[in-house]
Amino acid sequence: MSDTEAYIYRYSWDKEDLLSYPWPDHYVKQPEVLAYLNHVVAKHDLRKYMQFNTEMTSATWDDIAKHWVIETSQSGSVTETIHARFVVCALGVLSTANFPDIKGIATFQGEMHHTANWPEGVSLKGRRVGIIGNGSTGVQVITAVAPIAASLTSFQRHPQYSVPSGDGPVSPEYRTWVNENYDAIFSQVRNSITAFGFKESTALCVNATPEERERVFEENWQKGNGFRFMFATFADITVEPQANEEACEFIRRKIRSIVRDPEKARKLCPTDYYARRPLCDGGYYDRFNQDNVDIVRIDETPIEEITPKGIRTADGKEHEFDVIIFATGFDAVEGSYTRLKIHGRNGISLKEQWEGGPTSYLGVATANFPNWFMITGPQGPFTNLPPVIEAQAVFITKLIDRAVQSGKGAVVEASEQAESGWLALCNRLCEKSLFKVTDSWIFGVNIPKKKKAIRFYFGGMQSYLEAVQGEVVRH
Ligand code: NA7
């Protein structure tokens with residue numbers, strides 16, 4: 001399930017489609033996302049531009065010919081060499097799965113699946129399921145699987161602050177309201193910080209009375225959505241420890257009131273900042289009221305090894321499973337780039353260039369890599385992503401247009417100065433952010449040996465668009 005509401009988790013440039021395409025619930029689920037993308041492809045006759053089952057294995061800049069030499073493979077053997085003046089990479093922020101290296105993993109005799117590579121036809125009905133990871137994905141999987149599994153055990157490294165998503169069927173009145181206001185809705189999205197379709201709060205939690213805080217938190221808890229709870233309640237939740245603690249304590253009280261078993265409630269209650277990820281769910285905490293759903297805090301009782309039958313924890317207990325699910329996230333942001341052989345000017349690889357942490361100018365280009373563009377590259381905005389993708393696609397198109405107009409051999413390349421300026425701005429904008437001191441993929445702290453560094457622009461959608469448009473005007 002997306003964590004953005006369906007009406008803005010789509011392309012804004014086809015108004016007729018916005019008004020007519022059905023979305024039955026407030027949030028889209030994976031099959032609906034896929035169906036929507038297939039629909040857009042079919043409607044705009046895009047399939048003729050696509051080549052499937054082809055991996056780019058390397059890309060090398062030829063500075064004399066001023067083009068990229070790209071090797072591709074199908075089933076592991078090099079099949080084609082493509083020469084391209086421009087390359088646009090849309091490898092995804094979250095697409096290279098993180099499979100933790102746990103002792104004995106290869107010995108397990110049941111089924112093991114990573115949520116990012118979920119095969120069709122897996123049935124979890126009546127089966128004993130263990131799940132490692134309880135981020136956005138893990139929380140959703142636990143919520144969905146608990147009602148059908150024989151047993152479900154969550155192996156949890158950090159407890160989570162999660163709020164209701166507010167999902168449910170879209171009423172005809174709501175749909176009419178959205179359709180009548182689409183222009184205003186997308187204008188608000190582009191002029192907001194998070195691009196989530198709500199107005200961010202400007203009020204400070206530290207200045208609010210206890211009654212006001214309770215009212216605002218409760219109101220937003222009832223409306224639903226993780227980003228809304230984090231950013232539409234008060235403006236200081238993610239930057240001011242005292243304000244953050246107020247939100248934490250509100251959610252902890254909710255957890256204790258939902259989860260009847262005090263020991264399970266203790267295990268589910270986080271004590272650190274509410275800044276790891278803004279989660280939302282459709283009944284996650286309540287699932288732990290089921291007798292067949294349990295939780296192991298692996299910060300207290302670590303996983304020792306995976307055995308042929310299941311998972312053995314440090315207390316000597318062997319938890320037996322038919323299926324182990326890895327909801328362990330991704331080698332996010334640059335992970336999909338650094339695993340490939342991408343060599344720019346003077347043979348430098350992207351991996352070498354990003355040894356100290358990935359960098360870019362505006363999230364779309366990096367020095368030494370001429371005519372090389374990224375959609376959702378490092379230091380792009382930390383927001384709802386479809387509006388960012390649209391903005392970057394338009395920006396890149398304009399840059400390519402400009403290069404083409406400038407004649408053969410013209411290149412577009414971020415200058416080192418522009419890139420270091422953008423990085424400095426990104427660092428300045430997150431100086432006080434509690435996300436920075438709370439480990440997660442957002443700063444690259446979820447993967448062993450990955451460098452902790454800024455990976456997003458925290459300045460918001462509106463100022464990002466201004467920066468991109470300013471760049472177009474300047475050139
Ligand atoms: P996330 O948010 O990276 O969550 C991964 C989860 O897996 C999280 O609970 C991690 O614990 C846990 N994890 C990762 N590695 C391990 C190991 N080695 N052992 C135990 N547990 C582990 O990925 P998601 O797929 O849930 O969500 C990604 C984004 O998609 C999300 O932020 C939204 O923007 C949409 P942790 O809490 O880090 O201790």
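How many aromatic pairs does a search of the whole structure find? The search returns 37, where rings of Phe, Tyr and Trp (its six-membered ring) pair if their centres lie within 6.5 Å, and planes under 30 degrees apart count as stacked, over 60 as edge-to-face and the rest as tilted.

The model is predicted: local features need pLDDT of at least 70 and side-chain atom pairs pLDDT 80 or more, while totals for chains, interfaces and linings use all residues. Residues are numbered from 1 along each chain as its sequence is written, and side-chain values use heavy atoms, without hydrogens and water.

**Aromatic pairs**

Select phenylalanine 196 and phenylalanine 227. Their rings are stacked, at 4.0 Å centre to centre and with 15° between the planes. The pair links distant parts of the chain, 31 residues apart: phenylalanine 196 lies in the loop between α5 (182-190) and α6 (210-223), and phenylalanine 227 in helix α7 (residues 226-231). Helices here are DSSP runs of H or I with at least four residues, strands runs of E with at least two, numbered from the N terminus. Phenylalanine 196 counts as buried because its relative accessibility is 4%; phenylalanine 227, at 5%, also counts as buried. Buried means under 20% relative accessible area, exposed over 50% and partly exposed in between (1.4 Å probe, protein chains only).

Next, select tyrosine 284 and tyrosine 285. Their ring centres are 5.0 Å apart and their planes at 55°, so this pair is tilted. Both tyrosines are buried.

To display one aromatic cluster, select Phe196, Phe198, Phe227, Phe231, Phe382, Phe435, Trp441, Phe443, Phe456 and Phe458.

**A charge over a ring**

Move to arginine 10, which lies over the face of tyrosine 36, at 4.7 Å from the ring centre. The criterion is NZ of Lys or CZ of Arg within 6 Å of the ring centre and within 35 degrees of the ring normal.

**Strand β1**

Select serine 58 in strand β1 (residues 55-62). This serine counts as buried, at 14% relative accessibility. Apart from neighbours within four places in sequence, serine 58 is in contact (heavy atoms within 4.5 Å) with Val69, Ile70, Glu71 and Lys341.

**The ligand**

Finally, select the ligand. Of the 21 residues around the ligand (a heavy atom within 4 Å), Asn134, Thr137, Arg157, His158 and Arg277 come nearest. Backbone N or O atoms lie 3.2 Å from a ligand oxygen at glycine 135 and 3.0 Å from one at serine 136. A side-chain N or O atom of arginine 277 is 2.8 Å from an oxygen atom of the ligand. Taken alone, the ligand exposes 780 Å², of which the protein buries 87% (Shrake-Rupley method, 1.4 Å probe).

Methods: Polar contact = N/O pair within 3.5 Å; in protein donor to acceptor, adjacent residues only side chain to side chain.
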